[in-house]
Amino acid sequence: SNRSVYMVKIGIPVQSYSLLFTISTCEIVFFQPLVAKAFRNTYCNEKWRIVLGVILYAVAYIPIIMGSSYPPFVLGITFQTFGEMLLLTTVPAYLNRFANDENRATLQSLNNIATSFASAVGPILGSWMILAFDYKMTFVIIFVVHLITLPFLLVLRQKRAKRGRIN
C-alpha cells in the first residue's frame, strides 16, 4: 500500500499502479502451473522454495529503491509475484510436515493468523517508517529484514520419526 503512494509521489499515475496488479495476476495465471510442476513435493524442495521465495521478496525492493520510473516497479512486482508463488503456496505444505493429527489445524491456523497480522500491521509499520525515514530507506530496511530471516529458515530441520527415519 505504501508503494502506491510512493509511485504517485514520484509522478507515476495511479492507473499505472493498478496495472501492476493486472500484470501480477497474469503472471500467476500463466506461471503458477509451471512453478508447481518445477518442484517435486519433498521436504528439501519445499524448504528451498520458501528460501527462494523470501529472496525474491527481498530482491523485489531493489528495482524500487534504485528506480524512479515505471519499469522498475514492473520488475519489482514480477519478483514479488514469483516470490509469492513460491512462498505462499509452499508454507502450508511445509508446516504440515511438522504437524501431527493433534496440532495440524493449530499450525495451519497460526499460519493464517500470521499472514493476516502481517497484512494488517505491515502498512501501519511501513507508514511509520516512512515518516521516520523516507520511502527509499523504508524499502532498504524491508529488504534487509527479509535477508535477516534467511539464516533462520536455513537452520530448520525436518523432524525425525521415533525409529530414526525422516518423516
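Author: Start with helix length. The expected span of a helix is 1.5 Å times one less than its number of residues. Helices are DSSP runs of H or I, at least four residues long, and strands are runs of E, at least two; both are numbered from the N terminus. One caution: this is a predicted model, where local features need pLDDT of at least 70 and side-chain atom pairs count only at 80 or more, while totals for chains, interfaces and linings use all residues. Residues are numbered from 1 along each chain as its sequence is written, and side-chain values use heavy atoms, without hydrogens or water.

Reader: How many helices and strands are there in the chain?

Author: Seven helices and zero strands. The pattern along the sequence is α-α-α-α-α-α-α. The C-alpha atoms fill a box of roughly 60 × 35 × 25 Å along the principal axes.

Reader: What span should α6 have, and how far apart are its end C-alpha atoms?

Author: α6 has 29 residues, so at 1.5 Å a residue it should span 42 Å; its ends are 40 Å apart, which agrees. For α3, 17 residues should give 24 Å, and 24 Å is what the ends show.

Reader: Where does α6 bend?

Author: A bend is the angle between two fitted axes: one for the seven residues ending at a residue, one for the seven starting there. α6 bends by about 35 degrees at V121, and a proline, P123, follows within four residues. α5 bends by about 40 degrees at V91, with P92 following within four residues.

Reader: Is T90 buried or exposed?

Author: Buried means under 20% relative accessible area, exposed over 50%, and partly exposed in between, with a 1.4 Å probe and protein chains only. T90, in helix α5, has 2%, so T90 is buried. L52 sits in helix α3; at 36%, L52 counts as partly exposed. In the chain of 167 residues, buried residues make up 34%.

Reader: What is T90 in contact with, leaving aside its neighbours within four places in sequence?

Author: Contact means heavy atoms within 4.5 Å. T90 contacts E46, R49 and I50. The buried residues of α3 include E46, R49 and I50, and the buried residues of that helix pack against α4 (61–66), α5 and α7. In α6, N111, G126 and I130 are buried. Their cover includes α1, α5 and α7.

Reader: What volume does the largest pocket have?

Author: On a 1 Å grid over the protein atoms alone, a pocket is an open set of points with protein on both sides within 12 Å along at least five of seven lines; lining residues have an atom within 4 Å of a point. The volume is the space filled by probe spheres set on the points. Here it is about 1600 Å³. Of the 43 lining residues, Y57, Y61, A118, S119 and H146 are closest to the centre. The largest share, 13 residues, comes from α6.

Reader: How do the lining residues divide into nonpolar, polar and charged?

Author: Ala, Val, Leu, Ile, Met, Phe, Trp, Tyr, Cys and Pro count as nonpolar; Asp, Glu, Lys and Arg as charged; the others, Gly among them, as polar. The lining has 27 nonpolar, 14 polar and two charged residues.

Methods. 1 Å grid on protein atoms, 1.4 Å probe; cavity = no way out; pocket = protein on both sides within 12 Å on 5 of 7 lines; lining within 4 Å.
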